[in-house]
Amino acid sequence: MRAEADDEALMLAYGAGDVAAFQVLYGRHRGPLFRHLQRQLRDQALAEELFQDVWQRVITARERWRPDAKFSTWLYQIA
């Protein structure tokens, strides 16, 4: 999966079994998501725990995810 692909295409590809698509999504969103959690929680340990929980939910939902909204909107809604 190409790094230029939009998030929605990457998530659909990941749902179809393309692990490289997940790696691109994770690389694209890990920093901003973690900083968001740190700002909201003001607790490093809790932010780290929730960061892992959010990505676990993404992994769990990969096969049934549909692009009803932007991927980033859905990701931050989970967070």
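**Notes on the helix packing and core**

1. Helix H2 (residues 19-41) and helix H3 (residues 44-61) have axes that come within 9 Å and cross at roughly 145 degrees. Axes here are lines fitted to C-alpha atoms over the stretch in contact, with angles running from 0 to 180 degrees between N-to-C directions; helices are DSSP runs (H or I, at least four residues). The H2-H3 crossing is right-handed, meaning that the near helix is turned clockwise from the far one by less than a right angle.

2. A word on the basis: this is a predicted model, where local features need pLDDT of at least 70, side-chain atom pairs count only at pLDDT 80 or more, and totals for chains, interfaces and linings use all residues. Residues are numbered from 1 along each chain as its sequence is written, and side-chain values use heavy atoms, leaving out hydrogens and water.

3. Of its 23 residues, Met11, Leu33, Trp55, Val58, Phe71, Trp74 and Leu75 touch the most other members. Helix H1 (7-15), H2, H3 and helix H4 (71-78) each give two or more residues, with H2 giving the most, seven.

4. Do look at Trp74: leaving aside residues up to four places away in sequence, Trp74 touches Met11, Val58, Ala61 and Trp65.

Terms used: Core = buried A, V, L, I, M, F, W, Y, C linked by side-chain atoms within 4.5 Å. Buried < 20%, exposed > 50% of the residue type's maximum accessible area, 1.4 Å probe, protein only. Contact = heavy atoms within 4.5 Å.
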